[in-house]
Amino acid sequence: MTVRDLPSERISKKALSVWRIKAALEICVLLVLVVVLFIFTLRFAWPLYLPWIGVILLLLFSFWHVVIFPQWKWRKWRYAVYEKEIELLRGIFIEKHTVIPMNRVQHVDTEQGPIYKKFGLRAVTISTAAGVHEIPALTEETAQSLRDKIATLVGMDEEDE
Amino acid sequence: MNDWSRLPVIALLFMFLSRIKEFIVPLIISLFAGGTNPTMTFTRWLFPFLITILLLHSVFYWLFFRYRLDDHQLIVKQGVFIKKNRYIKKERVQSVDMTSSVLHRLFRVGKLSIETAGGGLEAEAVFPAIGQGEAEKIRRYFHDENFLQKSEEDGEEGREEWTYRVPTKNIFLAGLTSGKIGIVVSAGAAFLTQVDQFISDDFYERTAGMMMALGMTLILVIALFLLLITWLVSVLLTVIKYGNFTITKRENKITITRGLLEKRELTLSLERITSVRYLTHPLRQIFGWWSIYVDSAGGGKEEEMLSTLLLPLGSKEEAQTLMRQLIPEATMPETIVRLPKRARERYIFRTSIIPWLLVPIAFWLPNGYFYIVVPFLFMYLGYRRYKDSGYELFNDRAVVQNRNFQLSVSILPRRYIQSMSLSQTFFQKRKELYTLEMRILTSSGGRMFRLKDMERMSAKDPFQWYRKKQ
């Protein structure tokens with residue numbers, strides 16, 4: 001039996017912008033914590049290096065969280081839709097490869113939150129009886145055609161049996 | 001067959017009792033409110049008023065409760081203010097469960113619950129009390145393809161039936177070796193170490209003096225005696241709960257009957273079983289005893305982790321004989337593919353890392369140096385976990401074997417595996433090891449079966465096996 005290649009389709013490059021916006025929002029929350037730390041330091045005359053350590057850590061983390069991590073995550077995300085199954089491949093530290101046979105798919109949806117909408121993106125969710133799998137950040141056309149393709153393949157697969 | 005049926009009048013009592021149980025807190029509050037304020041007429045009438053409302057509600061509930069069996073479905077009409085009509089299609093039913101408490105049995109009725117796929121924790125339809133004959137009719141309606149046609153001939157006598165009664169000895173042994181005793185002892189010990197903070201010194205002075213006089217031996221004897229009592233009680237409870245455990249197979253349905261006081265009768269269809277698990281723990285393993293649990297897409301009790309107990313305890317041979325009759329393809333495999341050597345350190349590391357990290361803290365405590373044994377015990381557990389883990393792929397089913405503290409062998413039919421994943425952490429990648437995950441539908445939603453640190457071999461590759469044309 002031949003070993004099949006790993007899935008090759010990439011998700012939209014715009015995913016990067018979306019993930020970075022989300023990451024930046026998370027950084028804002030941490031920023032508030034650092035500001036609070038500054039206020040406390042001034043008020044209770046704590047050593048001034050404490051908040052500065054906070055600032056440096058925050059900068060390092062932001063660089064990782066906003067710049068590097070999304071890029072890496074995007075590069076790792078792959079999917080493929082074959083006639084008989086859907087395959088997903090993702091993860092940086094834990095690389096996870098999933099196979100979902102067509103005849104286990106119960107329904108396919110596309111989803112769009114406010115940020116996705118701004119960028120014209122959609123996520124495709126694939127539901128089986130035992131859980132939901134998501135392909136994030138596809139362009140609207142890709143998402144719709146993918147959903148239709150899966151729906152058709154699922155229908156055909158059922159006629160087979 | 002087409003007219004509406006009602007529950008027997010005695011069902012009223014059970015409906016009323018369950019209402020009282022639901023409203024027990026307001027009822028007690030109203031009772032006390034009436035008792036302490038004799039001047040206030042309003043609070044005094046609150047309790048009788050509540051009771052009457054509940055009683056009236058039960059009466060109307062009973063009056064409006066109707067059901068009917070037609071060609072394809074069971075229709076249940078219920079509700080006083082909000083009418084609910086429930087249509088339960090024959091083919092969607094996962095299990096029919098009849099529980100008869102002592103009170104139920106007094107009136108020769110039982111509580112019947114019908115579970116459908118993906119229903120979650122709540123049953124699709126519940127009959128609070130129904131006569132044995134009617135229950136049997138509903139059971140046969142769901143579990144006999146041509147029941148309606150056959151009913152005129154009053155069933156066939158010659159149909160094949162196979163029965164296995166779990167020997168009482170096994171149930172007794174299940175109680176003796178159940179984990180309950182361990183929980184009781186450790187909870188008691190934990191309690192005793194904490195309780196001394198709350199006892200006054202004065203009490204200590206007096207009792208300690210007495211204890212000294214009695215001597216250490218007597219204290220030990222008392223402790224052992226208490227231990228023995230709790231053990232016996234737990235054995236007794238197990239025997240009462242699982243006594244008379246009988247499994248009957250009729251065509252492709254099994255009926256599990258159990259219980260000495262509260263009787264439970266559960267019918268489920270064999271092809272709906274989404275996984276079979278053989279379980280044992282170190283103590284039982286010494287004697288080679290196993291228990292079997294099955295999962296289906298609906299039903300199952302919370303206390304059994306939403307699975308259904310199929311065999312409380314039996315030798316490996318008994319377990320195998322039983323499964324050969326029920327689901328021959330789900331017998332325990334003779335051999336499995338073990339994990340590669342390079343997985344061993346990872347298992348030991350994972351299991352013992354937290355106990356090792358706690359070592360510095362332990363040294364702060366009085367007598368803390370005894371703690372040093374603990375990480376080593378966990379290292380041994382990690383080694384056992386490595387030794388006992390493995391998998392096997394057969395044509396139509398996968399087997400995953402692993403251990404937390406209990407050893408479990410899970411049989412997963414391929415057609416019920418909803419999705420499969422192989423994942424690798426950074427460290428696994430360096431050692432070319434994978435974590436295998438398979439998702440199965442159970443009544444709690446999806447259950448994940450996981451095997452850590454397996455090797456991918458072209459001869460037995462999970463993905464190739466799973467992708468094969470089904």
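The model is predicted, and local features are reported at pLDDT of at least 70, side-chain atom pairs at pLDDT 80 or more, while totals for chains, interfaces and linings use all residues. Residues are numbered from 1 along each chain as its sequence is written, chains are lettered from A and ligands numbered from 1 in the order in which they are written, and side-chain values use heavy atoms, without hydrogens and water.

Strands (E, at least two residues) and helices (H or I, at least four) are DSSP runs numbered from the N terminus, and two strands pair if DSSP finds at least two bridges between them. E9(B) and E10(B) form a hairpin with 2 residues between them, and B:Glu251 in the turn has a positive phi of about 50°.

Next, select strand E11 (residues 263-269) of chain B, which pairs with E10(B) over 6 bridges, again in the antiparallel sense. Here B:Ile256 stands opposite B:Leu266 of E11(B). This hairpin has 4 residues between its strands, and B:Gly259 in the turn has a positive phi of about 105°.

Now colour E10(B) (residues 253-258) by accessibility. Buried means under 20% relative accessible area, exposed over 50%, and partly exposed in between (1.4 Å probe, protein chains only). Because 6 of the 6 residues of this strand are buried, E10(B) is largely enclosed by the rest of the structure. B:Lys253, B:Thr255 and B:Thr257 are buried on one side, and B:Ile254, B:Ile256 and B:Arg258 on the other.

Turn next to the aromatic rings. A search of the whole structure finds 23 aromatic pairs over all chains. Select B:Phe60 and B:Phe64: their ring centres are 6.2 Å apart and their planes at 25°, so the pair is stacked. Rings of Phe, Tyr and Trp (its six-membered ring) pair if their centres lie within 6.5 Å; planes under 30 degrees apart count as stacked, over 60 as edge-to-face and the rest as tilted. B:Phe60 and B:Phe64 are 4 residues apart in helix H3 (residues 41-64) of chain B, about one helical turn. B:Phe60 is partly exposed at 39%, as is B:Phe64 at 33%.

Move to B:Phe426 and B:Phe427, whose ring centres are 5.4 Å apart with planes at 75°, so this pair is edge-to-face.

Finally, in chain A, select A:Trp64, A:Phe69, A:Trp72 and A:Phe93, which ring pairs link into a cluster.
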